[in-house]
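Here's a quick briefing for anyone opening this one up for the first time. Have a look at the chains, then read on.

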Amino acid sequence: MSTALSTEPVLPDPPGAPSRGTDTEALGRELDRIRADVLARRGAEDARYIHTVVAVHRRLEIAGRAALAVSLLPPAWLAGTAALSTAKILENLELGHNIMHGQWDWMRDPAIHSTTWEWDNPTPAYAWKHTHNHIHHTWTNVVGRDRDLGFTVLRMSKDQPWHPFHLFQPVLAALGAPLFEWMAALYDLEADAVLQRRKPLRAFLRDTANTVRKGARQAAKDYLLFPLLAGPSAVPCLLGNLTANTVRSLWAHTVIFCGHFPDGVRSFTEEEIENETRGQWYLRQVLGSANIEGGTVFHVLTGNLSHQIEHHLFPDLPSNRYAEIAPRVREVLTAHGIPYTTGPLLKQYASTWARICRMALPNLHRATQSRPQGEKAA
Amino acid sequence: MADPLLSRRWPAGRVEEVRSETADATTLVIRPGHGWRPAHRAGQYVPVGVRIDGVLHWRTYSLTSPPGRPGDPFTLTVRALPDGHVSRYLAHRLHPGEVLRLGPAQGDFQLPDPPPRRLLLFTAGIGITPVMAMLRDLADNGRLAEGTDVLLVHSAPDPARTVFGPELRSMAEDLPWFRLHEHHTRAGARPAGHLAPEQLPALCPDWRERDTWACGPVALLESAERLWGEEGLAERLHTERFRPVPLLPSGTTDSAAPGVPVHFAASGVETAAGTGTPLLHVGEAAGVAMPSGCRMGICYSCVSPLLHGRVRDLRTGEVHGEPGDLIQTCVSAASGPVALDL
Ligand code: FES
């Protein structure tokens, strides 16, 4: 039975938290069974899937670059920019994100492996793997531990202290979206951790040098090398590359924010997760994530992060299996009275922005009254 | 880019032909792609990566064709081992057209150039493969000195199970410099048993004056090394082992400690562990600088190459692993003697 993690909503953050007394150990066993089933069936079909995505990505990238090389012609510019944007989205989400989670390590293919993959992104793979795979996936939505909860600048939970600076956060969030890839690179440096003395200055300087080097190489590739190769089409090519990177940033930002911030998603305090069991960890992953509904192509383009709940439960299962297990996961959760937050993209996106705006203001509603004075007492 | 044969980063080759040699040995004719470093030498082996049920497995096989021009097809000959997942696939299930990853040809089990005039080749079973490439090379290139004499002493179960038997026999008939002695361990009414190096002097009285290349089962090579060593002729004997000697935990652990031996090779630490303890904890307790992150199997910061042994996934109970696999030390326990590259 759960003890450490109360299933009662601590705050009216999301409505509809599960009823008290969820049997988290039984929940853990049922979810473990789903995981084991996928592992038992994982094989040639999954390998074929990821190889297909790799091949499609390559073709789109080559076609996009080729078209942008002659992008003085407007139709070529449009087609090239569209192809390159799609290629970059696939590379970022369905390939980079999932491969670096180790989802495909079982194939033992060094070309598609978490230890060797380096993505088309200013943030170096190793830095991202640390902040994302380790910090975010271990401490999902725990205030003070999960830096993805607001990405160190936004206030996304009522449990985070309010500061007048947060009044600007809708503007900040809006500016951050088109520059998301660069923001993520900055964020992965963990300057905040240096200030809190959780990260040695020396490591920070080393990481900064690596990020500057990686970022410079990325920028040089898209904004110098390919435009120069395009000769007379240099300027439209540069604009096409800039557009593709911006589209990719906007899309990744949308998918990622919709994964953890729509209505219905909870945050947690450090006290709540003390001595967490595996079952309770599973429960927190579910309560801290939200899905987005859509068709197959949509799921692939989100890197299957539209199945954020399944991804957070089983971050290292092959992404193509999330859609297949989602109904089973939902059934198990429903049987345990645990809410399963999902909705179409527009709804999730709107409620994410509503939260960004709501949290810009201090906790005005006396909603906090249900909480006894002194947070620790909760 | 769609054609794996164009990749330079991940060299590959396409199987053009599959030829059965004996009931359990098969020759693969492989056309290498552009990324494969050309021009192997006779006697070398090549790492071959084959995808079975989505998982890439690597094994090394001797090249059996003489060196050709860069880009020319080459051959490998694979014998299906009774419980060899990969060798059985390659020998029995592989179809022409399939693409295999390739590593660079390597190994210094080679004849010098020019080859010695008096040569003894001593092989058993599938150990014939690197020597076959040498013989085909010698037969091909006409650079043999006057008076060259090559004797092949080869042991196999019986004539039908002698890989390359017909070709070897016809070479012995046609080539004046080549003699073949076949030893059959299981043929006829009175099987001869295994060929011991002690029988060699009778088969090849001048063995001490010859340079010898030997390839076959470990037991055969070890007894050959003993014989040549005792005669002080160790440097006249060249041997080839199919598998590098596995890096076993040395077993010099504190016998009072419970559990199975665990060896951290890079740190030179030997310890013992219970089969329910994550290897991450085992290493940390023994003072090894273990990488780690989430400590619960989700972040993959704790992975280490497995050098030897198999591990148990503490989440599923599944026992898995072969040398070279990256294993998550935080959720894996030793299921027997284990060596990690940490
Ligand atoms: S420490 Fe995170 S997977 Fe092992």
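Chain B exposes about 15,700 Å², and carbon and sulfur atoms supply 51% of that; the areas come from the Shrake-Rupley method with a 1.4 Å probe, and for residues only the protein chains shown count as cover. Keep in mind that this is a predicted model, where local features need pLDDT of at least 70, side-chain atom pairs count only at pLDDT 80 or more, and totals for chains, interfaces and linings use all residues. As for bookkeeping, residues are numbered from 1 along each chain as its sequence is written, chains are lettered from A and ligands numbered from 1 in the order in which they are written, and side-chain values use heavy atoms, leaving out hydrogens and water.

**Chain B overall**

- Six helices and 19 strands turn up in chain B (DSSP runs numbered from the N terminus, with at least four residues of H or I for a helix and at least two of E for a strand).
- Chain B has 342 residues, and 48% of them count as buried (under 20% relative accessible area; over 50% is exposed and in between is partly exposed, with a 1.4 Å probe and protein chains only).
- Take the contacts in chain B between residues at least 6 apart in sequence: 65% of them join residues at least 24 apart (a contact means heavy atoms within 4.5 Å).

**Salt bridges**

- Over all chains, the structure holds 45 salt bridges (a side-chain nitrogen of Lys or Arg within 4 Å of a carboxyl oxygen of Asp or Glu).
- One of them pairs Arg41(A) with Glu324(A), at 2.7 Å from N to O. Arg41(A) is in helix H1 (residues 24–41) of chain A and Glu324(A) in helix H13 (residues 322–335) of chain A, so this pair ties together parts 283 residues apart in sequence.
- Arg41(A) is partly exposed at 43% relative accessible area, and Glu324(A) is partly exposed too, at 38%.
- Another salt bridge links Glu322(B) to Arg108(A), with the closest N and O atoms 3.7 Å apart. Glu322(B) sits in the loop between strands S16 (319–320) and S17 (326–328) of chain B and Arg108(A) in the loop between helices H3 (74–100) and H4 (125–138) of chain A, so the pair joins two chains.
- Within chain B, Arg161(B) and Asp158(B) meet at 3.0 Å, N to O; Arg161(B) is partly exposed at 42%, whereas Asp158(B) is buried at 13%.

- Asp113(B) and Pro114(B) are joined by a cis peptide bond, with omega at about 0°. Pro114(B) lies in the loop between strand S6 (99–102) and strand S7 (118–124) of chain B.
- Phe151(A) isn't a glycine, yet its phi is positive, at about 50°. You'll find Phe151(A) in the loop between H4 and helix H5 (169–176) of chain A, buried at 16% relative accessible area.
- Thr152(A) has a positive phi near 70° and is partly exposed at 42%.

**How confident is the predictor?**

- Chain A has a mean pLDDT of 89, with 91% of its residues at 70 or more (pLDDT is the predictor's confidence in each residue, from 0 to 100).
- Over residues 1–20 of chain A, pLDDT stays under 50, and the model has 58 contacts beyond four places in sequence for them.
- Residues 367–378 of chain A also stay under 50, with ten such contacts.
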